[in-house]
Amino acid sequence: MNILERTKRFALSTVRPYRVLGRALIAFNSLLFIIFLALVALRVWLDHPKCEEHQVRVGTELMRLVKASCSSERWYWSFGESIVDNLAAGVVVAMVSSFLLWLISPKAHFEEDIAAIQPWNIHELLETPIADTKNYWFRGRSGRFMRSDVMPALDAAGRRDSVLRTLHMLLPDPTDTVMLADYAHYRGSLRDAKGTWTAARIQNEILATILAAARLNNANHFFDVKLHLKSDFALFRLDMSDDRLIMTREDPKWPGIVCSSRSKFYASYHEEFRNEARRAKSLDLSLAVVPTPLEPANVDGLLIALSLLITLTNEDRAAIVEGVERPERPYG
């Protein structure tokens with residue numbers, strides 16, 4: 001990697017949310033440069049002789065007399081100049097050292113981009129790449145963020161650019177009530193758990209995500225959803241775009257992890273997703289043509305078309321329709 005390629009790659013990578021060290025290096029050197037300019041200005045001012053002078057009239061001429069002892073010749077003035085000179089030299093050494101450290105750092109420094117993200121930054125980092133990504137991989141629990149943000153954005157991007165957007169989703173199997181009850185117990189045990197979490201509530205959320213995906217999948221030639229159902233739930237949710245991987249927990253106060261698509265971690269989790277999808281049950285969403293608006297009376301027939309044999313109550317059907325037509329934004 002030559003210096004021009006390294007410089008270009010570094011400059012581009014520092015705008016990424018996970019390149020905290022890169023941005024810190026640029027900010028550090030910028031601050032050093034400003035300090036250096038200030039020291040240069042101070043040194044020029046100190047070097048200017050501060051000699052006392054006065055004017056006297058000799059005959060008809062006005063003369064300017066300058067005292068022989070200038071302030072620049074005083075010992076403390078020379079001492080100040082030496083301090084400024086040494087500080088300026090130290091700043092230059094610091095800038096050169098940081099540049100050399102960046103220059104000799106291994107190529108892996110640019111590839112393994114991984115960082116922790118605080119809870120208040122997670123939503124922005126999840127939302128930013130959606131409009132430009134061609135493929136999105138999601139492994140989660142109920143898929144509320146898929147319904148409220150990701151699927152509408154991918155659908156709109158596909159229509160706008162006439163370029164295929166593909167959403168790969170791994171969701172818990174809504175027919176596995178034992179597993180859903182385990183997840184409801186886990187979800188309800190977390191701090192800041194909002195509302196009462198039951199197997200029925202989680203089942204309705206998953207079914208709403210499935211029907212919302214089927215509606216968009218069948219209505220847009222440039223939006224394709226590949227949906228897989230698995231018989232367990234993962235503690236870590238994965239959101240993978242073409243640009244980055246974000247791994248989060250259910251607890252909204254937990255930090256997350258973000259890494260670049262150039263990272264080996266990204267490649268490893270992508271392979272893990274493929275392995276899980278291979279073992280999961282795939283749904284053919286083209287079998288379910290979801291009307292607009294969706295009515296509670298349509299729900300059972302759509303689930304039968306997808307081979308999801310689930311007994312629902314009227315409250316369940318209403319909750320599913322609510323989730324499809326008016327999805328709740330989990331991040332506010």
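So, R139: in this predicted model, R139 stands opposite L170 in β5. That's part of the pairing between strand β4, residues 135–139, and strand β5, residues 165–172, which run in the parallel sense over five bridges.

Okay, zoom out to the sheet around that pair. We've got eight strands in an open sheet, and the order goes β3-β9-β8-β7-β4-β5-β6-β10, with mixed pairing. Who's at the edges? β3, 114–117, and β10, 281–283; each has a single partner strand, so one side of each is left without a neighbour in the sheet. On average, and ignoring direction, neighbouring strands here are turned by 15° against each other.

Now, what packs on this sheet? Helix α8, residues 199–219, does, touching β5, β6 and β10.

Helix α10, residues 296–305, packs with helix α11, residues 314–325, at an angle of about 90°, and their axes are 9 Å apart. Anything from 65 to 115 degrees counts as roughly perpendicular, so that's how α10 and α11 sit to each other. Which residues meet there? From α10 it's P296, V299 and D300, and from α11 it's R317, I320 and V321. By type, that contact divides into four nonpolar, two charged and no polar residues.

Methods. Residues are numbered from 1 along each chain as its sequence is written. This is a predicted model: local features need pLDDT of at least 70, side-chain atom pairs count only at pLDDT 80 or more; totals for chains, interfaces and linings use all residues. Side-chain values use heavy atoms; hydrogens and water are left out. Axes are lines fitted to C-alpha atoms, for helices over the stretch in contact, and angles run from 0 to 180 degrees between N-to-C directions. Helices (H or I, at least four residues) and strands (E, at least two) are DSSP runs, numbered from the N terminus. Angles under 35 degrees count as roughly parallel, over 145 as roughly antiparallel, 65 to 115 as roughly perpendicular and the rest as oblique. Contact means heavy atoms within 4.5 Å. Ala, Val, Leu, Ile, Met, Phe, Trp, Tyr, Cys and Pro count as nonpolar, Asp, Glu, Lys and Arg as charged, and the others, Gly among them, as polar. Two strands pair if DSSP finds at least two bridges between them.
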